[in-house]
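Dear colleague,

I am handing over the structure we spoke about, and below it you will find what came out of the analysis. Please read the notes alongside the coordinates.

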Amino acid sequence: VLKKVPGVTSALAERLTGGRYVDINIRRADAARYGMNITDVQSLISSAVGGENIGETVEGLQRFPISVRYPREVRDSVEKLRSLPMVTESGQRLVLQDVADIRITDGPPMLRSENARLSGWVYVDLRDRDLRSA
């Protein structure tokens, strides 16, 4: 539609697909059966995949965080994520797939928001006119 407007030399909408995401859907009923809540499971996922700061080291005047997380080959594999070990407060040993569904989904290459609302952008080049002209 924008390409037909007088003065528009090009119009390009950003890509809506092309990104790959790991979707982890926690099954609340299964987690509750093992005495876990959503926060317990999210904490495991967050620390295993994103890392968790466990301290800091001081070198001269500089301080550096010490972060622990699973190796990339574990974080990049859906099968290995499904097999992440968990221990409940009662000492029961589980793996993540016992309480969550894990799959790869397609989505935008980058999530963008403005004023806390998702947004999509269209780039328009104009020639021989201003932005306000009818």
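**Pocket, salt bridges and surface**

The lining of the largest pocket comprises 6 nonpolar, 2 polar and 3 charged residues, where Ala, Val, Leu, Ile, Met, Phe, Trp, Tyr, Cys and Pro count as nonpolar, Asp, Glu, Lys and Arg as charged, and the others, Gly among them, as polar. Please keep in mind that this is a predicted model, in which local features need pLDDT of at least 70 and side-chain atom pairs count only at pLDDT 80 or more, while totals for chains, interfaces and linings use all residues. Residues are numbered from 1 along each chain as its sequence is written, and side-chain values use heavy atoms, with hydrogens and water left out.

The volume of the largest pocket is about 150 Å³, a volume being the space filled by probe spheres set on grid points that are joined across faces, edges and corners. A pocket is an open set of points on a 1 Å grid over the protein atoms alone, where a 1.4 Å probe fits, with protein on both sides within 12 Å along at least five of seven lines; lining residues have an atom within 4 Å of a point. Among the lining residues are Glu-14, Arg-15, Pro-108, Met-110 and Gly-120.

The structure holds 8 salt bridges, each defined as a side-chain nitrogen of Lys or Arg within 4 Å of a carboxyl oxygen of Asp or Glu. One of them joins Asp-106 to Arg-20 at 2.9 Å, N to O, and this pair links distant parts of the chain, with Asp-106 in strand 7 (residues 100–107) and Arg-20 in strand 2 (residues 19–26), 86 residues apart. Strands here are DSSP runs of E with at least two residues, and helices are runs of H or I with at least four, numbered from the N terminus. Asp-106 is exposed at 56% relative accessible area, and Arg-20 is exposed at 59% (buried means under 20%, exposed over 50%, partly exposed in between, with a 1.4 Å probe and protein chains only).

A further salt bridge brings together Arg-103 and Asp-23 at 3.9 Å, N to O; here too strand 7 and strand 2 are linked, the two residues being 80 apart. Asp-23 is partly exposed, at 33% relative accessibility. Within helix 4 (residues 78–82), Arg-82 and Glu-79 lie 3 residues apart, about one turn of the helix, and their side chains meet at 2.5 Å, N to O.

Finally, Asn-53 belongs to strand 3 (residues 52–59) and is exposed, at 54% relative accessibility.

With best regards
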